[in-house]
Amino acid sequence: MSVISQVLVLFLLMLCGLLAVKARWINDAGLQGLNKLVIYFSSPFLILSKLQQDATPELLPDLINVFWMGGLAIVLCGAIGLFIFRKEKEDRKKIFVGMAMFSNAGFMGFPVLISAFGEEKLIYGIIYVAIFNVLLWSVGVLIFDKHALSLKKIVTVPTLLASVLGVILFLLNIRLPAMLNQTLELMGDTTTPVAMFVVGARLSQLRKEDVKDVKLLLACGLRLIVLPLIIYFLTGLLGAADMVRTTVTLCTAMPCAAVQVIHAETYHGNAPLASRGVALSTALSMVTIPVLLTFLL
């Protein structure tokens, strides 16, 4: 099966989620439960299981570059978003800056990377998501409330904890017992179908009026097309290896982070606009991601 065909399978999984909501086979409470399943179990378990590999001398420099280049890319995207939307009303500006800065790198990035390069390359995405989570729960919170930053929230993010523990085991070449590792693998294997199902279900929030919001469309265009291309050429100028460059670019090219809605709701932001941003950027990504993959591969 070609890479594009594999990615299209992900979108078919999303379609299953959308149909389930439309048919009322699952409600919002059920989706929240599936969301927590991915956040607290399947995604952290996937990270731990995929970091159970040898720390070869050739791999370590690449992972270090993914970490700092990924962090640089996220901050640069946020700065570009802040400049472009600087004249927007405050509540809309916060959402648009967040959309520019934070992609759905975990929920959608992991499945796309696995489909494109196989599970053995997911370690690159894991390192990207580690720095992503640090910035998401620090700068991402500060976007909405300058006084709400909490070190406890940052260090207790399940995927970040799994990344740190997994990297320690990876660097020390410590192998988990076979029974435990198999448990991690089995639960981790549910990440892709469940995450895609939830993302697809959220598309039910999309409305015809959303395509009439020019600034929202601009934010989606930045998130899905302009910023990934900027990052692709920037990482090239920095001399990044092919897999490093591709990983950082692809993770940047994912739609708006779903957690943006949670931040908006928690810190009294424009949650409806955030929901529309997630839904619209996800719908548009069904076109942009396959196109970008043909460009990168």
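Here is a walk through this structure, from its pockets to its surface and a few backbone details. What you see is a predicted model, in which local features need pLDDT of at least 70 and side-chain atom pairs count only at pLDDT 80 or more, while totals for chains, interfaces and linings use all residues. Residues are numbered from 1 along each chain as its sequence is written, and side-chain values use heavy atoms, with hydrogens and water left out.

The largest pocket has a volume of about 1200 Å³. It has 42 lining residues, and N35, I39, A258, V259 and I262 are the closest to its centre. A pocket here is an open set of points on a 1 Å grid over the protein atoms alone, where a 1.4 Å probe fits, with protein on both sides within 12 Å along at least five of seven lines; lining residues have an atom within 4 Å of a point. The volume is the space filled by probe spheres set on the points, which are joined across faces, edges and corners.

Which helix gives the most to the lining of the largest pocket? That is helix 2, with eight residues. Helices are DSSP runs (H or I, at least four residues), numbered from the N terminus. Among the others that each supply at least two residues of this lining are helix 6 (122-136), helix 9 (158-171) and helix 14 (259-266). By type, the lining divides into 22 nonpolar, 15 polar and five charged residues. In this count Ala, Val, Leu, Ile, Met, Phe, Trp, Tyr, Cys and Pro are nonpolar, Asp, Glu, Lys and Arg are charged, and the others, Gly among them, are polar.

Now for the second largest pocket, with about 280 Å³ of space. Its lining is made of 15 residues, and L82, K94, V97, L142 and I143 lie nearest its centre. Helix 4 (90-101) is one of the helices that supply at least two residues each, and with five residues helix 4 gives the most. This lining comes out as nine nonpolar, one polar and five charged.

Next, have a look at helix 5 (residues 109-117). Eight of its nine residues are buried (under 20% relative accessible area, with a 1.4 Å probe and protein chains only). Among the buried ones are F110, P111 and V112. Just after helix 5, G118 takes a positive phi of about 90 degrees.

Helix 12 (residues 214-237) brings the largest share of the patch, five residues. F295 belongs to helix 15 (residues 271-296).

Finally, two loop residues have a positive phi without being glycines. N173, at about 55 degrees, is in the loop between helix 9 and helix 10 (178-188). H268, at about 60 degrees, lies in the loop between helix 14 and helix 15. Is H268 buried or exposed? At 75% relative accessibility, H268 counts as exposed, because the cut-off for that is over 50%.
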